[in-house]
Each structure stands twice: as C-alpha cells, then as structure tokens.
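Thank you all for coming. Please have a look at the structure on the screen, and I will then walk through it piece by piece.

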Amino acid sequence: MLVQAILKSKSTDGVVTVAPSMTVSEAAKILADKRIGTVIVSEDNGETAAGILSERDIVRELAASGSGCLTQPVSAYMTKKLVTATQQDKVQDVLARMTEGRFRHMPIVEDGKLIGIVTLGDVVKAQLSELAMEKDALQGMIMGH
C-alpha cells in the first residue's frame, strides 16, 4: 500500500499550518481547539513546510524553561529538520521511519510542496486494513472460494 491511499481516505480539510512568528501559546490553542497533535510551520501559508511543532515539543519546553516559552515564536521550538515522505512511498517504509525516529506525524511533500500529513494512527490503520484483506483472501483460497 502507498501513502497516496492514506491521503485519499483522509478528510480534505488540509494540513493545519501556523506562521513561524506565531506564539507557542497561540499554536497550543490551535492544537487544543482542533484536537490534533501537531501543526506544520510554514512561511508561505502552507505551500511549503519550514518545520513542525508538536504538543510534545511544547510540553518538553514548558518542563525545561517554564511558562515563559509560551510567549516565544514557534520558530524557536519547532523541529527544523523534517523527515518527509511522498505519495509514492510504501506505508511500511513510512511506519519504519516513524518508529525509528520516534515521531508520530510525517509531512507528505511532492516537488517541494506540502500536500498532506500522515499520522502514526493513519499508518497503523492502513496496515491493519491491508492485513485484514490479505487474511480474508487467504481464507477464501483455503476454503476454495
């Protein structure tokens, strides 16, 4: 299964992005309001990804430096070195990269443009679906259907 299959099955709301100058507090409010775990940081309204900021990033910085971090720009705490995938990447390869890197969100980029995001939950759901289809096919073959 390819990443493009996951993107097709997701809602078409698009990727939630924030400007690098937005405060961490404002980004945290977006995360809470939308009930999501991460936002993509973009300097051009979502055309490209400059970084990623997760709720884990915010919690870690709160623990390290206190509530003063909430007034700082997200660019100060975002992950700048993004690990991305393309629509043509295999789901199992994306799962392996996410597991190795210990992160739960991966931007999908084509020709330098941000086109989506997949979560660890999306990838696991796709893998389980594929395994269920394979199981049903094998059972059908064994039973002579």
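Predicted model: local features only at pLDDT ≥ 70, side-chain atom pairs only at ≥ 80, totals over all residues.

Let me begin with D111, which is exposed, since its relative accessible area is 81% and a residue counts as exposed when that value is over 50%. D111 sits in the loop between β4, residues 105-110, and β5, residues 113-119. Its phi is near 50 degrees, which is a positive value in a residue other than glycine. The two strands around D111 form a hairpin with two residues between the strands. β4 and β5 run antiparallel, and six bridges join them; as one example, P107 has I117 of β5 as its bridge partner.

Where else does a residue other than glycine take a positive phi? N45 is such a residue, with phi near 55 degrees, and its place is in the loop between β2 and β3. With a relative accessibility of 79%, N45 also counts as exposed.

Strands of a sheet pair through backbone hydrogen bonds, and the pairing may be either parallel or antiparallel. Here we have an open sheet of three strands in the order β1-β2-β3, and the pairing is mixed. β1, residues 17-18, and β3, residues 51-54, stand at the edges, and each has a single partner strand, so one side of each is left without a neighbour in the sheet. β1 and β2, the latter covering residues 38-41, run parallel and are joined by two bridges. In those bridges, T17 is partnered by I40 of β2, while V18 is partnered by V41 of β2.

What, then, covers the faces of β2, and are its residues buried or exposed? In a regular strand the side chains alternate between the two faces of the sheet. In β2, T38 and I40 lie on one side and V39 and V41 on the other, and all of them are buried, so that both faces are covered, as you can check from their relative accessible area, which has to be under 20% for that word to apply. Helix α2, residues 24-34, lies across β1, β2 and β3, and it runs at about 130 degrees to β2.

Let me turn now to a pair of helices. Two packed helices are described by the angle between their axes and by the distance between the axes. Helix α4, residues 91-101, packs with helix α5, residues 120-143, at an angle of about 140 degrees, and their axes are 10 Å apart. That angle makes α4 oblique to α5, and the crossing of the two helices is left-handed. On the α4 side the contact is made by V91, Q92, V94, L95 and M98, and on the α5 side by L120, V123, V124, A126 and Q127. Sorted by class, this contact has eight nonpolar and two polar residues, and no charged ones.

Finally, let us step back to the chain as a whole. Its secondary structure comes to five helices and five strands, which follow one another along the sequence in the pattern α-β-α-β-β-α-α-β-β-α. The C-alpha atoms fill a box of roughly 65 × 35 × 25 Å along the principal axes. Of the 145 residues in the chain, 29% are buried.

Definitions and conventions: Residues numbered from 1 in each chain as written. Heavy atoms only, no water. Pairing = 2+ DSSP bridges. Helix = DSSP H or I, 4+ residues; strand = E, 2+ residues; numbered from the N terminus. Contact = heavy atoms within 4.5 Å. Axes fitted to C-alpha atoms, helices over the stretch in contact; angles between N-to-C directions. Parallel < 35°, antiparallel > 145°, perpendicular 65-115°, else oblique. Left-handed = near helix turned anticlockwise from the far one by under 90°. Nonpolar A, V, L, I, M, F, W, Y, C, P; charged D, E, K, R; others polar. Buried < 20%, exposed > 50% of the residue type's maximum accessible area, 1.4 Å probe, protein only.
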